[in-house]
Amino acid sequence: MKRQEAVETVLRLLDHELAIHCNGMVSREAFHTLDRPENFYMIGSMGLTASIGLGTALARPDRKVVIFDGDGNVLMNLGTLAEVGALKPANFFHMCFDNGVYGSTGNQPTLARMVDLALIARSAGYRIVKTTDTKTVLEKTVRELLQERGPIFLLVKIVPEAEYETAGRVTLSPEQIRDRFMKAVGRVG
Amino acid sequence: MDVMKSSEFVEILEKYGFNFFAGVPDSILKGVVSSLMERGEHYYLPAVREDDALGMACGAYLAGRKPVVLMQNSGLGTSLNALTSLHLIYKIPCLLIVSWRGYGGVDAPEHIVMGDACTQILETVGIPYRDFYPDSLGQDMAWAVKVMENERVPVAFMVKKGVLQ
């Protein structure tokens, strides 16, 4: 499964859920595939996708927060998994799109090739942990998991791609991303 | 008054509307952290790193909260990428309560370099700051809140040893 296919599959299942997208290719694919006000695109601050999502989830326990993370991002701040496992926010749905490479810098390998991130999430105390590598299973699993209490960790195995195959940068300004998202949080969803 | 009770400082923060607290503790800030923790479960969020606390503060701000992050000045080093590629470009305000270890060159060796450089680092990246003085805290808080509302950037209070008990 390619990243664009995986990201699109999940985005199409969302209604008004808030979504935090990690920097690099995940944000770019999400922006060019299915842009929505509820999408917060992180363009820098690598490693902080789950931290941002956790802050939103704790501040608004009535809103479901879906994290579109990457393996490089998760590896950069593994400690955040412990925080999520300890605080156990029920509205926290953490997805990690794992292609085993740093996609926006030339596909250098990440340690996720040797380390099982799902196992780490389980040890950290996530309530539900699953792994998927096909579009059909991904669609079925996300549909089910959106009804479950979190914290949830879903490891989505995808294939590495050449950079020319993937989407361009997010063209909204950081302040536009902020304002739209803040308005979307304010709306009842 | 040149020393303030930590519990009083927490009350002042709350009076100014701050309602989301995360951080990594320091001995200078231990009274503030314990006052916050007495407020109830998850009132103060123990972050694993200072940039993680800043990430949480950003997420909370996006969801309508007024966040405070507590850290030792060593954590400014850890936080620089979060500040420069998240808060300062998305314009996400946050009150930083930073303990000033190594001030005046008097501290354990690991604090000396950052103790000397920390306020220059804040100036270089464009984070307004003031020294924490109990006597002028009212004015300084009003200043900090105004800067955060108008410019939407993080603002720091630098806390030296002995001013909070």
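Q: Which residues of helix α1 (residues 3-13) of chain A are buried?
A: This is a predicted model, in which local features need pLDDT of at least 70, side-chain atom pairs count only at pLDDT 80 or more, and totals for chains, interfaces and linings use all residues. Residues are numbered from 1 along each chain as its sequence is written, while chains are lettered from A and ligands numbered from 1 in the order in which they are written. Helices (H or I, at least four residues) and strands (E, at least two) are DSSP runs numbered from the N terminus. With buried meaning 20 or more other C-beta atoms within 10 Å of a residue's own, exposed 12 or fewer, and partly exposed in between, all with C-beta atoms placed from the backbone, the buried residues of α1(A) are R3(A), A6(A), V7(A), V10(A) and L11(A).

Q: Which residue of β8(A) is the bridge partner of F93(A)?
A: Five of the six residues of β8(A) are buried. Strands pair if DSSP finds at least two bridges between them, and six bridges join β8(A) in parallel to β4(A). Within β8(A), F93(A) has as its bridge partner I152(A).

Q: Which residue of β8(A) stands opposite T131(A)?
A: Strand β7 (residues 128-132) of chain A runs parallel to β8(A), joined by five bridges. V129(A) stands opposite F153(A), whereas the residue opposite T131(A) is L155(A).

Q: Why is strand β4 (residues 95-99) of chain B described as largely enclosed by the rest of the structure?
A: Both of its faces are covered, with L95(B), I97(B) and S99(B) on one side and L96(B) and V98(B) on the other. β4(B) is largely enclosed because the number of its five residues that are buried is five.

Q: In which hand does the chain cross from β3(B) to β4(B)?
A: Strand β3 (residues 67-72) of chain B pairs with β4(B) in the parallel sense over five bridges, and M71(B) stands opposite V98(B). A crossover is right-handed if, with the strands pointing away from the viewer, the path from the first strand over the helix to the second runs clockwise. The β-α-β crossover through helix α4 (residues 74-90) of chain B is right-handed.

Q: How many nonpolar residues are on the side of chain B that touches chain A?
A: The contact takes 25 residues from chain B and 26 residues from chain A, and on the chain B side the largest share, nine residues, comes from α3(B). Ala, Val, Leu, Ile, Met, Phe, Trp, Tyr, Cys and Pro count as nonpolar, Asp, Glu, Lys and Arg as charged, and the others, Gly among them, as polar. That side of chain B has six polar and five charged residues, and its nonpolar residues number 14.

Q: Is T119(B) buried or partly exposed?
A: T119(B) lies in helix α5 (residues 109-125) of chain B and, leaving aside neighbours within four places in sequence, is in contact with Y129(B) and M158(B). Because T119(B) has 19 C-beta neighbours inside 10 Å, this residue counts as partly exposed.

Conventions: Contact = placed C-beta atoms within 7 Å.
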